[in-house]
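The following explanation leads the reader through a structure in short steps. Please keep the sequence and the model in view while reading.

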Amino acid sequence: MTAVAPALRAGVGRGLIELRQAFTGMELVNQLLWPVATLAAVFFLRDIAIGSTGYRLGTIILPGALGMFVALGALLVVQQLAADREDGTLLRAKASPNGIRAYLVGKLVQISATILAYLAIILIPGVFLVSGLEIADPTSWITFAWVLLLGLVATQTIGAMLGSVVATPRGAGYLSLPVLGLIAISGIFAPITGLPDWLQWIAQVFPVYWLGLGMRAAFLPDEAAIVEIGESWRHLETAAVLGAWAVVGLVLAPVVLRRMARRESGSSVARRRERAMQRVG
Amino acid sequence: MPNRVDRASFAGEETMPDSGGLSIEVDGLRLRYGTTEVLHGVSFQVRRGEVLALLGPNGAGKTSTIEILEGFRMRSAGRVDVLGVDPALGTEHWRARMGIVLQSWRDHPKWRVRELLAFQGSLYAPYSTPVIRRPWDVDDLLAAVGLAEQADRPIKVLSGGQRRRLDVAIGLVGRPELVFLDEPTTGLDPKARRDFHALVRRIRDEFEATVLITTHDLDEAEKLADRIIILAEGGIVADGTPSQLTRQIAGHDEVSWVHGGARQVRHVADSTAFARGLFARDGNSIRELEIRRATLEDAYLALVRNAEQAAAHPAEVAPEPDGASR
Ligand SMILES: Nc1ncnc2c1ncn2[C@@H]1O[C@H](COP(=O)(O)OP(=O)(O)OP(=O)(O)O)[C@@H](O)[C@H]1O
Ligand SMILES: [Mg+2]
């Protein structure tokens, strides 16, 4: 008897329930905070010119921010995994047949949908705020779609691996610092070509830069590539790097997660809770 | 009612393969945490359809033992067999045949009661068989644990006892053949406790589930369990039916009476014979005769104290359990 399909179905149902929870009550305010703040940044920077290129900063930032929010999916996975380990939600999954599989599917569904909501919150008002976005062109949306898909898979599987290594919500909090640093050097809020070479190289290892680039490639006119490395959108490289991360993630994440889940038990959850209480008390 | 096993068809058909009617077999189980050994050589068996209570002082290793059986914890040595499988190698199918209620759960705080129960149930649906219809109908189960009114509440607002009832419901939603219940009744009010006892009997009678339960409530153990195992100092110090354990410390009925204005107390083996003698000697001046039979609690305390003394002074083992005298 194969239980994979029912587990996937259960996982999707699970994701939708979590999604509803993520967008009701006070949670909704938390969810809106960052996209709206980003939108505000775009608004204030919309008229600042980038050198003599003729392009405005806001126009460049908006698609880059879309890429950034896709990448932030990794942090969401880390945070939620940490919380779910702490309160025993993951242990519950482990105690149930195919529970871990359904849990993961649910996580991916919910976080992907959350990110789509973020993108909509930014993009829909955004097209009225800044000028020069190519949203009427179908090829824009094709590029958007494959960059998004590779990006969601790459960043969330990375997140699942990181989340397996980081044991506590506090550790997950520390992790957001290097991620913010990475965003800072990834050319989201200013063209990466303004940075020293070695920082550019570091940025190009990780998906954040490529997600930003891919989204700019999708929504900006071709001539805007002059502010990019090599004055090109580098579609091939984008697909290669994001694809490589996605493949590595898909292969390794289940292994790492399973190893982590194997160590979960009632007493390990209880011990972590005691430590958390001591920190508070 | 939907999803309920038909008793006749149940009896007629084969269930899952098992090892000669045994649900659990443990042989020479050892568990070490670092340098301290929590279990040193525990062996016992649980037959299918049996309700076994695992008793023992705090820290005796009850939860550790159960976690090994559930496949959540690696043992240091020994052979363990649960539903015919080594828990360390258990598959998802194996997992679908058991229900687990841990000592404390606080997962899924944002979910609604019915949502979580229905989701958990859906995981068991692929493992439904003609004999065992999985999962248990959610509304039926909510009613059985007394949570029908809270069905649409978020789990985090449940009271401690309500949360515990939900834990039990989740443990049972897959119609398990084997249920692990680690202190399931802590925090339950007397009514909920009685309902829970009825539920345990129901799953045993209706679908022949094997139940392994830990509790610190000896009354409960006596009421529910077909057999009791007492774990202390890393080993099993007693294994038998409640009345067998109580009889082990026969000789400790407490007889008290007033004679010549003074209260007398004796601990004796045969309280009936003792009373007869007492009346024969000075029958007319005996007042306020009271006989208290040794209880399971007396037996438990005596057995545990003995084990602790034996562990502290291995040379001078007190041979006779000594429950009621002081
Ligand atoms: N992960 C661990 N690391 C080290 N020691 C542990 C660990 N888990 C349990 N112990 C120790 O093992 C012993 C047995 O613990 P266990 O939880 O099995 O006891 P218990 O019989 O269930 O007790 P209680 O009645 O309090 O629930 C205790 O001394 C406990 O401190
Ligand atoms: Mg315990």
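Angles between axes under 35 degrees count as roughly parallel, over 145 as roughly antiparallel, 65 to 115 as roughly perpendicular and the rest as oblique. The axes themselves are lines fitted to C-alpha atoms, for helices over the stretch in contact, and the angles run from 0 to 180 degrees between N-to-C directions. Helices (H or I, at least four residues) are DSSP runs, numbered from the N terminus. In chain A, the axes of helix 3 (residues 57–71) and helix 6 come within 9 Å and cross at roughly 170 degrees. Helix 3 and helix 6 of chain A are therefore roughly antiparallel to each other.

The model is predicted: local features need pLDDT of at least 70, side-chain atom pairs count only at pLDDT 80 or more, and totals for chains, interfaces and linings use all residues. Residues are numbered from 1 along each chain as its sequence is written, chains are lettered from A and ligands numbered from 1 in the order in which they are written, and side-chain values use heavy atoms, with hydrogens and water left out.

Which residues of helix 3 of chain A meet helix 6 of chain A? They are L62(A), L66(A), F69(A) and V70(A), in contact (heavy atoms within 4.5 Å) with I115(A), Y118(A), L119(A), I122(A), L123(A) and G126(A) of helix 6. The residues of this contact divide into 9 nonpolar, 1 polar and no charged, where Ala, Val, Leu, Ile, Met, Phe, Trp, Tyr, Cys and Pro count as nonpolar, Asp, Glu, Lys and Arg as charged, and the others, Gly among them, as polar.

The next topic is the interface of the two chains. The contact takes 29 residues from chain A and 28 residues from chain B. Between the chains there are 4 salt bridges, each a side-chain nitrogen of Lys or Arg within 4 Å of a carboxyl oxygen of Asp or Glu. In one of them, E115(B) pairs with R20(A), and the closest N and O atoms are 2.5 Å apart. The elements that give two or more residues to the side of chain A that touches chain B are helix 1 (4–22), helix 5 (89–94), helix 6 (99–129) and helix 12 (266–280). Helix 1 of chain A supplies the largest share of that side, 7 residues. By class, the side has 9 nonpolar, 9 polar and 11 charged residues.

Two backbone details remain. N98(A) lies in the loop between helix 5 and helix 6 of chain A, and its phi is near 60 degrees, a positive value in a residue other than glycine. In chain B, the peptide bond from R134(B) to P135(B) is cis, with omega near -5 degrees. P135(B) is placed in the loop between helix 4 (113–124) and helix 5 (138–144) of chain B.
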